[in-house]
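This report describes helix packing and strand pairing in the structure shown below.

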Amino acid sequence: MTDIRWKSILFLSALSIVSLFLWLMTSFTPALSVFTLGLLIYLACHLYWIHQLHLWLMQPSLPEVPEGNGLWEGVFNAVLKYERNNQAKQTELNVALERFRIVANAIPDGLLILNAANQIEWCTANAEFQLGLDMRTDKNLPIVNLIRNSLFIAYLYNEVYDEPFKLKNDRNSDAMLEISIIPLTNRQKLLISRDVTQLEKIDAMRRDFIANVSHELRTPLTVVGGFIETLMDMEGAVPDNLRSYFGMMQDQTTRMRRLIEDLLTLSQIESNTQIPENNPINMTMLTNMLLNDAQALSNGRHTITAQANPHFDLSGAIDELQSALGNLVSNAIRYTPEGGEINISWHLRDNLGVFSVSDNGIGIDQQHIHRLTERFYRVDKGRSRETGGTGLGLSIVKHILSRHQAKLEITSKPGAGSTFSVVFPNARLLQK
Ligand code: ADP
């Protein structure tokens, strides 16, 4: 580089000395002419190389970087070095991209990226196959135009992705898919689809089996229960020394009947893939109704209060929600000793609708909380049975809530009490 700069300095110095010499030997005009001519040649050279650089920049290709001379040799060498680095980085990037593409396509799950407007940006071949997409025509289209399942659309827009979503995709030969969504930066989302058709078939068989067994057991149990009741009511039919046994038989048949009813309800809700009805639910009325039920159940053993925000109602399936919220209320009564306090409330929190039931009952140790919605999970089996529990209540609640895109939040402290809150998305609120 120094060498190159010296060449320019040498040329300009030589030109100046020759011109000075001419001026001294002849006169000013020929000296000025030679000096001007020299400068013009020097300028023309620069213009020529600028033109070469411009031509190259229009279509840059490594083997065709001009060589240049003088100052321009240095410029073109730097351009060559920069372009070589660039090409090496590009090759490295291409290799990494190709490796990523091979790995992504080897994953049996489908991967798909949605932009902030939920349009499809990119997806793997498996996602294309599982979701029945064709990236040649579907790229940049909103996913809701292609997967028109209303429950999926509600799941996508609701942006609560704690639980995966089961999607029966008619675009791809009735496959059952499990969809998980992971939010990325810039409001992009990664959607992962997994084919769970076989698992779902086994699960459906299990559900059908439980539903059929429960159904078959219901009639004989009703008959047995009915006979026991009749015998107990008939004067002299049951000897006094056997009455207590008959009482136990009656309790156990009642318990079994309750269990069967809960099993049937659970399997019905689990296999229901229909979108729940969207009735407007008057929450002030529902809260009062639940308060009355609670008072009847408590039979004066607890102090029960209720408040409802009168300005907001809810949209959803009234029967399902009444049963789910009622379950939380009955749990509060069952797990709060006599003299305890229970509060039922419907209010707003950060634009979300919250229905909560608080009690100052026995409370729950932290380690159990995340398992309470599992089937038959009970902190204290004895207490649950004593109070007529089946261990299925909160599983039913969880299913009903997930059908309404709502979440169950549980806070509790042993000995101090619990709060069960159902958080409904803003889209389900109806302003009065
Ligand atoms: P169960 O029929 O046994 O009440 P659930 O599914 O309704 O079944 O509840 C599961 C378990 O959660 C219960 O067995 C109980 O241990 C615990 N639980 C539920 N609600 C409360 C509450 N309000 N206070 C304390 N424990 C509760």
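## Basis of the description

Two strands are taken to pair if DSSP finds at least two bridges between them. Helices (H or I, at least four residues) and strands (E, at least two) are DSSP runs, numbered from the N terminus.

The model is predicted: local features need pLDDT of at least 70 and side-chain atom pairs count only at pLDDT 80 or more, while totals for chains, interfaces and linings use all residues. Residues are numbered from 1 along each chain as its sequence is written, and side-chain values use heavy atoms, with hydrogens and water left out.

## The sheet

Five strands form an open sheet: an open sheet of 5 strands in the order β2-β1-β5-β4-β3, with antiparallel pairing. Strands β2 (120-123) and β3 stand at the edges with a single partner strand each, so one side of each is left without a neighbour in the sheet. On average, neighbouring strands are turned by 30° against each other, direction ignored.

Strand β3 (residues 165-169) pairs with β4 (residues 175-183) in the antiparallel sense over 5 bridges. Here K166 stands opposite E178 of β4. Strand β4 is in turn joined by 7 bridges to β5 (residues 189-195), and the two run antiparallel. In β5, K189 is the bridge partner of P183, and S193 is that of I179. The hairpin of β4 and β5 has 5 residues between the strands, and N186 in this hairpin takes a positive phi near 55°.

## Packing of α2 and α3

Helix α2 (residues 28-58) packs on helix α3 (residues 71-106) at an angle of about 15°, with the axes 10 Å apart. This makes α2 roughly parallel to α3, a term for angles under 35 degrees. Axes are lines fitted to C-alpha atoms, for helices over the stretch in contact, and angles run from 0 to 180 degrees between N-to-C directions.

In the contact (heavy atoms within 4.5 Å), H46, W49, I50, Q52, L53 and W56 of α2 meet L71, W72, F76, V79 and E83 of α3. By class, these residues divide into 8 nonpolar, 2 polar and 1 charged.

## Packing of α9 and α14

The axes of helix α9 (residues 243-271) and helix α14 (residues 393-403) come within 10 Å and cross at roughly 25°. Helices α9 and α14 are therefore roughly parallel to each other. D262, T265, L266, I269 and E270 of α9 make the contact with S395, I396, H399, I400 and R403 of α14. This contact has 4 nonpolar, 3 polar and 3 charged residues. In these classes, Ala, Val, Leu, Ile, Met, Phe, Trp, Tyr, Cys and Pro count as nonpolar, Asp, Glu, Lys and Arg as charged, and the others, Gly among them, as polar.

Definitions and conventions
Parallel < 35°, antiparallel > 145°, perpendicular 65-115°, else oblique.
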